[in-house]
Amino acid sequence: MDINNIFKNNEEWVQSKLDVDSNYFDNLSKGQSPDILYIGCSDSRVTAEELMGVSPGEAFVHRNIANMVPNTDLNSMSVINYAVAHLKVSHVVVCGHYYCGGVKAAMESQDLGLLNPWLRNIRDVYRTHKEELMGISDDESRYKRLVELNVAEQCINVIKTAEVQKAFRSRGIQVHGWVFDIHSGKLIDLNINYSEIMKNVMEIYHLE
Ligand code: CO
């Protein structure tokens with residue numbers, strides 16, 4: 001890729017927006033009021049806005065390796081705090097994807113240095129769901145299932161935060177677990193049983 005093409009692409013993009021609406025960037029500069037917080041993987045094949053068909057201003061986005069929400073990660077915790085308590089988003093989405101390199105790495109025994117503590121969070125998901133995963137003999141099916149279970153566990157981590165619990169009680173904020181299937185391009189809603197999780201999580205993690 002010629003990096004200089006990026007600036008040419010940008011000029012064309014600016015023009016394409018102005019062709020439709022000459023005030024497009026004036027309006028964009030006035031502020032943001034997104035309705036969705038999207039937490040996804042950094043994987044270059046899994047875009048945020050493009051796969052959801054949303055425009056600039058519609059989604060607050062956080063991406064990291066394997067769409068993780070570790071409870072001590074200041075980065076993802078700050079994003080959730082800002083999006084929920086200040087931008088007042090109505091939906092928090094954790095979107096994983098099949099063929100995720102981070103999840104794959106966590107299923108293998110290789111020492112990956114600095115990445116180890118990050119991937120350990122995914123290994124913890126594996127340990128939590130060991131029985132179910134060990135019962136899947138096909139490697140690819142087991143790998144896909146870990147992707148789904150990781151999304152569900154990260155949704156639980158979202159629900160553990162005080163801001164999300166407060167927003168759930170005061171205005172019914174919703175948390176969604178999705179998987180993007182790179183092979184078909186389709187988004188799959190895992191239909192996580194939200195009220196059931198909320199009840200179980202609240203038994204232990206309830207915050208006023
Ligand atoms: Co990934």
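Colleague: What makes Cys41, His97 and Cys100 the protein donors of the cobalt ion?

Modeller: In this predicted model, Cys41 (SG), His97 (NE2) and Cys100 (SG) lie 2.1 to 2.3 Å from the cobalt ion. A donor is an N, O or S atom within 2.8 Å of the metal, so these atoms qualify as donors. Along the chain, the donors follow the spacing C-x55-H-x2-C. Cysteine 41 in strand S1 (residues 36–41) and histidine 97 in strand S3 (residues 91–97) are 56 residues apart, and the pair links distant parts of the chain.

Colleague: Why is cysteine 41 called buried?

Modeller: Its relative accessible area is 5%. Buried means under 20%, and therefore the term applies to cysteine 41. Histidine 97, at 1% relative accessibility, counts as buried because of that cut-off too.

Colleague: How do you know whether isoleucine 3 is buried or exposed?

Modeller: Isoleucine 3 has a relative accessible area of 58%. Exposed means over 50%, so isoleucine 3 is exposed. This residue is found in the segment before helix H1 (5–20). Together with Met1, Ile6 and Phe7, Ile3 makes a nonpolar surface patch of about 530 Å².

Colleague: Which helix gives the most to the lining of the largest pocket?

Modeller: Helix H6 (116–128) and helix H8 (139–159) each supply at least two residues of that lining, and H6 gives the most, with five residues. The largest pocket has a volume of about 210 Å³ and is lined by 13 residues, with Asp124, Val125, Glu153, Asn157 and Lys160 nearest its centre.

Methods. Residues are numbered from 1 along each chain as its sequence is written. This is a predicted model: local features need pLDDT of at least 70, side-chain atom pairs count only at pLDDT 80 or more; totals for chains, interfaces and linings use all residues. Side-chain values use heavy atoms; hydrogens and water are left out. Donors are N, O and S atoms within 2.8 Å of the metal (3.2 Å for Na, K and Ca); water is not among the atoms, so sites may look incomplete. Helices (H or I, at least four residues) and strands (E, at least two) are DSSP runs, numbered from the N terminus. Buried means under 20% relative accessible area, exposed over 50%, partly exposed in between (1.4 Å probe, protein chains only). Patches are made of residues with over 30% relative accessible area and no salt bridge: like charges are joined within 9 Å, nonpolar side chains (Val, Leu, Ile, Met, Phe, Trp, Tyr) within 5 Å. Accessible areas come from the Shrake-Rupley method with a 1.4 Å probe; for residues, only the protein chains shown count as cover. A salt bridge is a side-chain nitrogen of Lys or Arg within 4 Å of a carboxyl oxygen of Asp or Glu. On a 1 Å grid over the protein atoms alone, a cavity is a set of points where a 1.4 Å probe fits but cannot get out, and a pocket is an open set with protein on both sides within 12 Å along at least five of seven lines; lining residues have an atom within 4 Å of a point. Grid points are joined across faces, edges and corners, and a volume is the space filled by probe spheres set on the points.
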